[in-house]
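The sequence and structure come first.

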Amino acid sequence: MALLSLQKVTKTFGGLVAVSDVSCEVSSDSVVGLIGPNGAGKTTVFNLITGSIRLTEGDIFFDGKSLKGLRPSRIVSLGIARTFQSIRLFQGLSVLDNVLSGCHCRMRSGLFSSLLHLPGQRREEKAVLERAMIELEFVGLAHLFRSAAGSLPYGDQRKLEIARALATDPRFLILDEPAGGMNEQETMTLREIMKAIRKRNITVMLIEHDMSFVMHVCDHLLVMENGQLIAQGAPQEIQKNPKVIEAYLGLEDDDE
Amino acid sequence: MSFASASRRKSFGSALTVAAVFVFACLPFLLGHLAGSSAPYWLDVLNTVGLYAILALSLNIILGHAGLFHMGHAAFFAVGAYVSAILNLTFDWPIMATIPAAALAAGLLAGLVAWPVVHLSGDYLLIVTIGIVEIVRIALTNDIFGLTGGPNGLVGISRPEIMGFRLTRPQHFFYLIWGLVAVSVLLFDWLERSRFGRALKYIREDVVAAESMGVNTNKYKILAFVIGAAWAGLAGTVYASRMRTISPESFNFTESVFLFIIVILGGRGNQKGVLLGSFLVMGLPEIFRGFENKRLLVFGAALVIMMIFRPGGLLPARSPGYKLPEPYRSRYKRLPDLSSGGVFNGAGSRANGPNASASEGFASGQAAAPSSGSGESSDSSKVISVDVGQDLVK
């Protein structure tokens, strides 16, 4: 069953068509890769799904509900979490504070219980601290919980973003270049994390330029070029698709 | 530094805090002996400092925690004072009974004006808030609704009465005002250590990321304004009953600027810093009277120097320590803390923010003082942190 479905999604910035008439579906419990050359409109698609920017035309359905016009914070509470291409952690706050931000949308205590630390608020605090530590252990950063997020090495910051997104208890996780800037060893760890995320029955959609990572992790690929969806299918098929080779993989091979 | 010595230091710190609060509470008596006939004057100075501390603590919610550049706090202070004065003079309400109305009116006004402008960032918001304080002042001067008495203001506001006891002398107000400072510190410390307080900090750090993590940023920005303004309204009531006379000139733009300076100079998001800032900005000029006329010059220079060497303020904000639930507490207790060395004894502020390394040379001298007895500053947040932690464990 399709968890997420994009229907004739179009986004224009002034005269520039960033995403043009993209329709596709993402089925539950799959890992979908969105690939394509730089400037193809991949991140724009992510921003449209998460509500960071507004659709020009078309509609996006998540679990049967339209996401059109919803605030990003509302979309998160429906179960879509994301990471950013350029890391957007709360740099000055602790690692634990960062993960707790993900728990925010699953908490209930309001202004007055926060002001007065009522018993229900305390129970909730304890529960989210546990949850945050579970997510930190999940990505292997629990021992650094007190450190300032900005002081972590780059690879760890990427992992922390994933932990923060997982703390929102998502059904659908959007990763924008999760392996970007990681060394080989860190990428291997990330693969393990991806496996573990799949075991938690979280559907994943990711943008990534590291092709061996994409081929290894994804079971379905969407290929974009110039704002259009030019191909989709299993990784092996995509690798052989002449259109894709011309647009993307071919160039990549030449570089190497 | 072992964990055991850190916790001993912590309890030593809380003992120091209790001692400091006790000495401070005895000040009216001590001053009577030490300063003799000028004691009431010094108490009045302390009361002014306390009143500004309440205002600055409430501004700290907006400017410090949520990072919203707001330079119009005197507007909400004015609304609180005028609502109390009008209810007291025209409708004969006892002044203490007007507190909820004053807070509500100020909060409501804040909600109304914040609504259309919260999406503005930084300098744009600053300009709007400056506009608000001017509009309020001009409205009051022009005797809006025929209730505010125009440029002369309102005269003859009654003294507060608490359970039949009329507060008239400076020492009475000392306990009222500094009691309210203590309540503010306690409540806002709790607020900081909660879902609400964290949401504000996420907004300060990165609005886009905060929204993407599920924080309804507009809602929380407006709420920050409402809370801060309501508390300023409460301070307005106290001010009106202390002065017995209020006029528009008491709430002009300069007052807003002083409050802004207190928070920025002391340390945005750090209540100890804000208290320190209140003493420096409102107290010091009284001690050095010759320096009073030049205080804007001096604070201007101080701000420039601060922005270069210590952009976080004298006492920069730091993440509150969390008491982890088991089994995590014992699991990660003894691991070396790689980046923020001294979080245990409260000196972790040095790891906070990208500016930390730049200010290292200047900071180390200053930071040494708080770390030697982390809880000595005169608020009681340390005590609270221990309490809350123990409650969490139960």
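What percentage of the 394 residues of chain B count as buried? The value is 53%, where buried means under 20% relative accessible area, exposed means over 50% and partly exposed lies in between, with a 1.4 Å probe and protein chains only. This is a predicted model, in which local features need pLDDT of at least 70, side-chain atom pairs count only at pLDDT 80 or more, and totals for chains, interfaces and linings use all residues. Residues are numbered from 1 along each chain as its sequence is written, chains are lettered from A and ligands numbered from 1 in the order in which they are written, and side-chain values use heavy atoms, with hydrogens and water left out.

**Chains**

The secondary structure of chain A comes to ten helices and ten strands, and that of chain B to 16 helices and four strands. Helices (H or I, at least four residues) and strands (E, at least two) are DSSP runs numbered from the N terminus. In chain A, 58% of the 256 residues count as buried. A contact means heavy atoms within 4.5 Å. Among contacts in chain A between residues at least 6 apart in sequence, 67% join residues at least 24 apart. For chain B, residues 24 or more positions apart account for 76% of the contacts with a separation of 6 or more.

**Nonpolar cores**

A nonpolar core is a set of buried Ala, Val, Leu, Ile, Met, Phe, Trp, Tyr and Cys residues joined through side-chain atoms within 4.5 Å. The largest has 159 residues, and A:L96, A:L136 and B:I246 have the most contacts inside it. Helix α3 (residues 39–65) of chain B gives the most to this core, with 16 residues. A second, separate core holds 29 residues, including A:V32, A:V45, A:L55 and A:I207.

B:I54 sits in helix α3 of chain B and counts as buried because its relative accessibility is 0%. B:I54 and B:V185 are 131 residues apart in sequence, yet their C-alpha atoms are 8.6 Å apart in space.

B:N252 is found in the loop between β4 (245–246) and α11 of chain B. Its relative accessibility is 16%, so B:N252 counts as buried. Its contacts, not counting residues up to four places away in sequence, are with B:A74 and B:R137.

**Sheet and hairpin of chain A**

Strands of a sheet pair through backbone hydrogen bonds, either parallel or antiparallel. Two strands are taken to pair if DSSP finds at least two bridges between them. In chain A, six strands form an open sheet of mixed pairing, in the order β6-β7-β8-β3-β9-β10. Its edge strands are β6 (80–82) and β10 (228–233), each of which pairs on one side only. From one strand to the next, the twist averages 20°.

Strands β7 (residues 172–176) and β8 (residues 203–207) of chain A run parallel and are joined by five bridges. A:D176 has A:I207 in β8(A) as its bridge partner. Strands β1 (residues 2–13) and β2 (residues 16–27) of chain A pair in the antiparallel sense over eight bridges. A:V9 stands opposite A:V22 in β2(A). The hairpin of β1(A) and β2(A) has two residues between the strands, and A:G14 there takes a positive phi near 60°.

**Helix packing**

Helix α6 (residues 154–166) of chain A lies across β6 and β7 of chain A, at about 160° to β7(A). Axes are lines fitted to C-alpha atoms, for helices over the stretch in contact, and angles run from 0 to 180 degrees between N-to-C directions. Two helix pairs are set out below.

| Helix pair | Angle | Axis distance |
|---|---|---|
| α6(A) and α7(A) | roughly 10° | within 11 Å |
| α6(B) and α11(B) | about 135° | 9 Å |

Angles under 35 degrees count as roughly parallel, over 145 as roughly antiparallel, 65 to 115 as roughly perpendicular and the rest as oblique. α6(A) and α7(A) are therefore roughly parallel to each other, whereas α6(B) is oblique to α11(B).
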